[in-house]
Amino acid sequence: MKDSNQEKTPFFTKLKEYGTSHVAPFDVPGHKLGRIENDLQKFAGKKLYLLDSNAPVGLDHLSFPTGVIAEAQNLMAEAMGADRSYFLTNGTTSGILAMVLSVCKANDKIILPRNVHKSVINGLILSGAMPIFIKPNIDEFVGIANDVSFKTVKQAIDENQDAKAVFIINPTYFGVVSDLRKITDYAHKHNMTVMVDEAHGAQFYFSPRLPYSAMEAGADITATSMHKTAGGLTQSSIILTKGERIDHQRLRATLNMLQSTSPSSLLMASLDVARKTMYFKGRAKINEILKLAKIAREKLKNIPGISVIDKDYLLEHGCYDCDETKLMVKVSDLGLSGFDVYQIMKRNYNIQLELAESHMVLCVLTIGTTKQDLERLVLAFKKLSEKYNKIKTSLPKIEFHYQFPEAYSRPRDAYHAPKILVKLEDAIDEISAESIMIYPPGIPIIIPGEIITETVVKDIKFYKQKGGALQSDIDNDTDIDYVQIVDKENWIKYEGDLE
Ligand SMILES: Cc1ncc(COP(=O)(O)O)c(C=O)c1O
């Protein structure tokens, strides 16, 4: 690979040229490169608008790139060790939908862990694919569902030799990875396509000190959020592919079905420049971050009531590997839930954490993290401990349970079934017609087609009471006292559905 090529930012360079070329714009967008005044323009500056154009002459088309977008995508693929890359302006969410829809047809079996992001469930609804859910490893001490073991995936492959694809999360939200290389080899031996969710793994492509990437593992296709950990603007993501298993025509057509015909030039430019920065500076910056993270972990370990879930812990508990730029802190020994700490950190210390679970909170470190911010974080945990470690015995014990509801039908069938809205407590033993999750992490507690149990109802109530951002995907109602269930009496169940 020639470094001189990676110095280039073909799309961003052309976009800058266009924005400053004194063009008379008679196309959209209607702000005409910032010739309309508004509060955003006043705050962020006119330059923001100069970079927002919609495929004028010379700037190529995302739906069928042959010019500067194609060039930028090729550089991205080259930098990340892939054969091809596709720019996405609607996040990894759109990438996951496109992967599932382009690889699986209706009723194709797909082997996947149950703790997938909601976009995967939506991909199942849209495609009509038949999920074969496998159980992720559950850590009761930390209160999370995490990676999958090779053994579990192997068993699912052995029992479902007609499956079309295997879907793996690399890494999970918490930075834990499965043995993707071994899984990929085994899936390929059985002629299955390997799809990967790398929403949290863009940094893997730029540092040998982090777990290996999906492309290094030989996976066929992956969706990666450049915006989460590689410096892109929010929603800028990519799809990467390798090998012969992907039908590129179908993938292109699917992406064009899902993406706007007016993709954001700002987001595409941010992909172009994020790639260049990560390529030249990522490795050194990630080394720095790993060093800072280590110091922070050492300090946090000495704080009473706080436990750091580090690599040693994770490896001892059977994980294959982990990303040490993620800082997992268990707080429930302070008598507080992760949700409480998430709120207190913002309210009292102006510190924004990435997510909370019942027992822990997650802090994401990237090449943008500073030493000063990490020091503030450690100090805040110290103060938190000083206050709550004394009174913890009077606080209620934080419970954790993670169970997997039984599936009654494909998600698609339940989604399209006639529905009734009932009170949560009246929904026990009924079939859910919707997904309900806390966001983040956006992993559904229940999905369409699963049977609602007492534990599901208890979990939803717990999360609601604890202030987790509960989201329901159908009515988008955050006040979840009600749930949509399948109206069984009026439902004609698809014959090829689950037994
Ligand atoms: C595991 C996982 N996959 C996929 C996504 C979707 O990514 P994006 O926000 O880029 O659409 C997320 C987002 O949080 C995620 O956590």
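Me: Let's begin with His22: is His22 buried or exposed?

Reply: Keep in mind that this is a predicted model. The idea is to look at the relative accessible area: over 50% counts as exposed, and under 20% counts as buried. His22 has a relative accessible area of 76%, so His22 is exposed. You'll find His22 in the loop between H2 and H3.

Me: What is the phi of His22?

Reply: For His22, phi is near 60 degrees, a positive value in a residue other than glycine. Asn107 also has a positive phi, about 75 degrees, although Asn107 is not a glycine. Asn107 sits in the loop between helix H6 (91-103) and strand E2 (109-113). With a relative accessible area of 30%, Asn107 is partly exposed.

Me: Okay, on to peptide bonds. Which kind of bond runs from Val28 to Pro29?

Reply: For this, you read the omega angle. From Val28 to Pro29, omega is near 10 degrees and the bond is cis. Pro29 belongs to the loop between helix H2 (10-19) and helix H3 (39-44). The bond from Asn170 to Pro171 is cis too, with omega near 0 degrees. Pro171 is in the loop between E6 and E7.

Me: Where is Thr172, and what does Thr172 touch?

Reply: Thr172 is placed in the loop between strand E6 (165-169) and E7. For contacts, set aside residues up to four places away in sequence; Thr172 then touches Asn146, Asp147 and His200. The Thr172 side chain also makes a polar contact with the side chain of Asn146, at 2.6 Å. And the relative accessible area of Thr172 is 3%, so Thr172 is buried.

Me: What else can I read about Leu271? Is Leu271 buried or exposed?

Reply: Leu271 is part of helix H13. Its relative accessibility is 0%, so Leu271 counts as buried. Leaving aside neighbours within four places in sequence, the contacts of Leu271 include Met76, Phe87, Leu88 and Met226. Ser236, Ser237 and Ile238 are in contact with Leu271 as well.

Me: Let's zoom out. Which domains is the protein divided into?

Reply: Domains are stretches of chain treated as units. Here they are domain 1 (3-278), domain 2 (283-394) and domain 3 (411-490). The centres of domain 1 and domain 2, taken over C-alpha atoms, are separated by 28 Å. In their contact, domain 1 takes part with 29 residues and domain 2 with 28 residues.

Me: How do I describe the area buried between domain 1 and domain 2?

Reply: Give the area, then the atoms behind it. About 2400 Å² is buried between domain 1 and domain 2, and carbon and sulfur atoms give 65% of that. Phe141, Tyr173 and Phe174 supply 24% of the area that domain 1 buries against domain 2, more than any other three residues.

Me: How many salt bridges and polar contacts are there between domain 1 and domain 2?

Reply: The count is zero salt bridges, while eight residue pairs are in polar contact. By class, the side of domain 1 that touches domain 2 has 14 nonpolar, nine polar and six charged residues.

Technical notes: Residues numbered from 1 in each chain as written. Predicted model: local features only at pLDDT ≥ 70, side-chain atom pairs only at ≥ 80, totals over all residues. Heavy atoms only, no water. Domains from an automatic or database assignment. Contact = heavy atoms within 4.5 Å. Buried area = accessible area lost by both parts, 1.4 Å probe. Salt bridge = Lys/Arg side-chain N within 4 Å of Asp/Glu carboxyl O. Polar contact = N/O pair within 3.5 Å; in protein donor to acceptor, adjacent residues only side chain to side chain. Nonpolar A, V, L, I, M, F, W, Y, C, P; charged D, E, K, R; others polar. Helix = DSSP H or I, 4+ residues; strand = E, 2+ residues; numbered from the N terminus. Buried < 20%, exposed > 50% of the residue type's maximum accessible area, 1.4 Å probe, protein only.
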